Amino acid sequence: MTQRYEVIQTDIAVIGSGGAGLFAVLKAKELRADLHITLISKGAIGRSGCTRMVQGGFNAVLNEEDSIEKHFLDTLSGGKYLNDQELAWTLVNDAPKVIHDLEVKYGCFFDRDETGRIKQKAFAGQSFDRTVHKGDLTGIEIMSRLREQLFRVKPRELEDVRALDLVVSKEGSISGVSCLDVRTGKFIFVNAKCVIVATGGAATMYKIAAPAREKTGDGVAMCLRAGLKVRDMEMLQFHPTGLLAGESRMTGAVLEEGLRGAGAFLKNASGERFMSRYDSERMERSTRDVVARASYTEIMSGRGTKGGGIYIDISHLGKDEVQHRFPGMVERTRLIGSDLSTGPVEVSPTSHFAMGGVEIGIDCETSIPGLYVAGEDSGGTHGANRLGGNGVAESTVFGSRAGIACARAIDQFELNKPDEELLQKSFARVVHVVQGEGNESPFTLTNSLKETMWENFGVVRDEKKIAIAETDLLELRSRLKKINVPKNQVFNVALNEALDLENQVEVALSMVRSGALRKETRGSHSRYDYEEADDENWLKFISYQLDDGENYLIETTPVQFTRVVPR
Amino acid sequence: MSMEKIEVIIKRSEDDTQREFKVRRFSPMTILDVLLAIGRSQDATLAYRFSCRVGMCGTCLVRVNGKPVLACQTPVRDQRNLKIEAAAGFETIKDLVFDPKPFWAQWAKVIPYFVPKAGSSEIAVIPHESDERELIDPHVNCIQCGACFTACSVSGGGNDFLGPAALNRAMVLMADSRDGAGEERREIVEGESGVWRCHQALACSVVCPKGLDPAASIRKIRNRKVFKRKK
C-alpha cells in the first residue's frame, strides 16, 4: 500500500540537535541568512543526545605555552596513529575558534582563573592542561546557549520527528530525508538540497552504557543503508568510570574524567591502586583505553567488588574541595546512596563513544554530493581511541564546518525529486513494525543486544566471542522481523524502540565484523588472543559497506601519514 | 511479598482514566525506573519521555503525588503509593508526554539569546570573584525543564506572565557585561508581563530540581541590582 506523506521543502536538512547539528544550523545561517533550514530531531531540540551531557569539557589550545602541534600529537598518540591525520589536524586547529565563538558570539561563560582568563584543567593523555569547562556540567552551558540562538536564526524545527532514511533521486543525487512524526505517527518527506547527518553514535547498545537514550546509531545506519562507507567501527570507547547503580537506569552514567585528572585513585576490592601494574608512570591519568582495560581485567580476574566493579576514590582531597570542584558528580553519587566527597564509589567501564563512523573529508563531505556527516556519526578523527575533551570539540568543530560547507555550496545543488520507490520502501519499514503480528517485544530484544555486546564484544574480545556476537546479531536481525508493538502510532514508545533497534543491530554488525578482522590490540580494540599492537600489519583502517542490505564489503587501507609518522 | 511492591497510579490520556500498576521495588530506584519497569514489561502503550537520565536534559518532568519533579532525579525509597501524572499547565500529547510549547513561547519573548556588544571580538577577562559573577553564578545551569513554570501560580495558569525560568535567564543576560541587548530586554521584563506580575510565592524556587532560585532573580531585576552594577 502506498503511504501518504507531507512534504516540507528546504535548502538544508539537519538531522540531530546536539552540538554538531546546532552548530551546523547557526553557521549556515550566519553565512547565508536567506537559507531555509530544517532541523530534524527525534528527541527534544537541544536537550536530547550527548553534547548536553558533557561534563568535564572541551580541549582547545588557548595558552601560549601550549601549541596546536602538541594537541595534534596528543590526539594521534591517544588514537594510536589510526587517525585520519587531516581530520585530526582540522580538529585541533578549529577548536580554539569554536571556543571563541561559544564565548564571544553565543555567550557561554566558561570557568576562569584568578586573572579572569579561561581556566583549563587536566584531562588524561594530555601534554598540557587544556580542557575548557564550566564546572563539571559543561554541556548544559554549551547546549543551552546554542539552543537559545535558534530563537534568533529561526530554523524550521521538527521536534519529536524521527529521520528514517536518506532518500536519493533516481539519478542518485541527494533528495532528502524520510521521517516519522513521533507525536502524530504521520510520515513526512523533507525535500532538501543538502543534508547534514549529525545524530551521534550508538554506544547505548551495551548493558552498561553512558549515553542518552537517543544514541542508537541512527545516522550511521542511515548512511549504511544509503551505501556509504564507514570506518573504524571496531573502535568503541569504554569510559573507565561509569556509575554502578544496580538495576537503575543510572547505571553506566559517567563520573567525569576530571576526577582522575584531579588525582582520584582507582582501587580494586582489596584497596590496591592497581594502575601501578598497568601504567606505573601515568597511573590513573593514563588514557581511557588503558584504564578501561585495566579495570575490566581486575574485575574479570576476581579482584573487583561484589557488584562487579572497582572503586574510584577522591575523598583524600577533602570533602569541601571535592564538593566545590565536582558538585554535579557528588550530587549524582548521593542520589544513589553513596558520596564521592567522603568515600569510594563503585564504578565499572561503561560504553561511551564510537570512534568509528562515516568516511568524510575535512568539510564533512561524503561520497554522495550534497550529503554531509558531522560529529560522532563520522569516523577517522580520533583513530583507535578518543581523548577526553576531544568529543565535544569534534561535534562543534565539524558541525560548524558542515554548516559553512553547505551554505557555500548550496547554489550548486538543486531540489531533486525523490525516487518514490525508495521513499515508500522507507515508510514501509515502519508500517511493517506497526502491523507486525509476531511475538517479539522490542524491549526484550534490546536487552539481548545489550547482553551479547557486553559479553562478547566488550572491553576485551577474542575470536570465539566475536563470532558468538555476530551469530547473536544475525539472529536478532531475523527476530526483529517478528516484532509486535501497540498499534496506536501517537507517541508510540515501543515502535520507536523497535526502529532504534533496527539501526543498532545494523551498526553492531559493522562493529563485530570489523573487530573480527583486526587481529591485534590497538586503542579501544583489545583482544585476549592478540594482546599486542601489530604496527607492521595493522597501521591500516578497516572500511565497511553494505552491499544490498544483507551482504557487506570490508577492506583495509593503510593509514596515510600526511603530517606525522608514528614514533 | 506484596509489601515489596509499589502501587503506582498513572493518569492515562486516552480515555482520561487512571491505571494502577504494581512495581517491584529495588534500590537505588528512581521514578524513571518505575516508568521504565511499567512501560517495558507491563504496558507498552504507556507514553513517557526521558533522555539523559542524569538530570542534565530536563525532559522527564512529571508530577508525582502532585509535585513537579524530574523522574530521573527523584529517588523512590520507602513510598508505597505513587501517583504519576503529566506536568500541569501544558497540553498533553499522550499520557505523561506534554508539549512544552507555552514554556518556550515565554522563554522566546525575553530575547533569551546572547547579543554580543558591538565591537567585542575577544574572550572577555572576568575574574570569578567579580561582582558580576557573584550576581550571576547562583543562577546558571538552568536545564529548561519547566518545573518552575508549571509550579508557578501565575504562569502555570496559562496567562501571559513570562514566568520564572525566562526571567531567570533574562536576569543572567542583563547582569552579563558582555551582552548588548540590556535596555531592550529590560523593557520587556519590566513590562506588563514581567517581574511585577510575580507574587513571590516562591513555588518556583522550591521545585527547581537544580536548586536554583528564580524568585531571587526576579527580585534582582525588580530592585535593579543588575543595572546598578553596570554603571
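**Exercise 1. State which domains the assignment of chain A gives, and describe the contact between domain 2 of chain A and domain 3 of chain A.**

Step 1. Chain A is assigned domain 1 (6-235 + 353-412), domain 2 (239-352) and domain 3 (420-545); such bounds come from an automatic or database domain assignment. The model is predicted: local features need pLDDT of at least 70, side-chain atom pairs count only at pLDDT 80 or more, and totals for chains, interfaces and linings use all residues. Residues are numbered from 1 along each chain as its sequence is written, while chains are lettered from A and ligands numbered from 1 in the order in which they are written.

Step 2. The C-alpha centres of domain 2 of chain A and domain 3 of chain A are 29 Å apart. Five residues from domain 2 of chain A and five residues from domain 3 of chain A make the contact (two residues are in contact if their C-beta atoms, placed from the backbone, lie within 7 Å).

Step 3. On the side of domain 2 of chain A that touches domain 3 of chain A, helix H7 (residues 288-303) of chain A gives the most, with four residues. Helices (H or I, at least four residues) and strands (E, at least two) are DSSP runs, numbered from the N terminus.

Step 4. By class, that side of domain 2 of chain A has three nonpolar, no polar and two charged residues. Here Ala, Val, Leu, Ile, Met, Phe, Trp, Tyr, Cys and Pro count as nonpolar, Asp, Glu, Lys and Arg as charged, and the others, Gly among them, as polar.

**Exercise 2. Find which residues of H7(A) are buried and what covers them.**

Step 1. A residue is buried if 20 or more other C-beta atoms lie within 10 Å of its own, exposed if 12 or fewer, and partly exposed in between, with C-beta atoms placed from the backbone.

Step 2. The buried residues of H7(A) include Arg288(A), Asp289(A), Arg293(A) and Glu298(A), as well as Val291(A), Tyr296(A) and Ile299(A).

Step 3. Among the elements covering the buried residues of H7(A) are E11, E12, strand E13 (310-313) and E14 of chain A. Strand E18 (460-461) and strand E19 (526-527) of chain A also belong to this cover.

**Exercise 3. Give the strand order of the open sheet that contains E11(A), and name the strands at its edges.**

Step 1. The four strands follow the order E11-E14-E13-E12 (chain A), with antiparallel pairing; two strands pair if DSSP finds at least two bridges between them.

Step 2. Strand E11 (236-243) and strand E12 (265-267) of chain A are at the edges: each has a single partner strand, so one side of each lacks a neighbour in the sheet.

Step 3. E11(A) and strand E14 (residues 345-354) of chain A run antiparallel and are joined by six bridges. Phe238(A) has Ser351(A) in E14(A) as its bridge partner.

**Exercise 4. Follow E7(A), E8(A) and strand E9 (residues 187-197) of chain A through their pairings.**

Step 1. Seven bridges pair E7(A) with E8(A) in the antiparallel sense. Ile174(A) in E8(A) is the bridge partner of Val168(A).

Step 2. The hairpin of E7(A) and E8(A) has five residues between the strands, and Gly172(A) there takes a positive phi near 95°.

Step 3. Glu171(A) is found in the loop between strand E7 (161-168) and strand E8 (174-181) of chain A. Is Glu171(A) buried or exposed? Glu171(A) is exposed, because 9 other C-beta atoms lie within 10 Å. Glu171(A) and Asp419(A) are 248 residues apart in sequence, yet 8.5 Å apart in space, C-alpha to C-alpha.

Step 4. E8(A) itself is largely enclosed by the rest of the structure, because seven of its eight residues are buried.

Step 5. E8(A) also pairs with E9(A), antiparallel and over five bridges. Gly176(A) stands opposite Asn191(A) in E9(A). In the hairpin of E8(A) and E9(A), Gly185(A) takes a positive phi near 80°.

**Exercise 5. Describe the side of chain B that touches chain A.**

Step 1. The contact takes 46 residues from chain B and 50 residues from chain A.

Step 2. Helix H1 (31-41) and strand E6 (91-94) of chain B each supply at least two residues of this side of chain B. The largest share, five residues, comes from H1(B).

Step 3. By class, the side of chain B that touches chain A divides into 26 nonpolar, 13 polar and seven charged residues.
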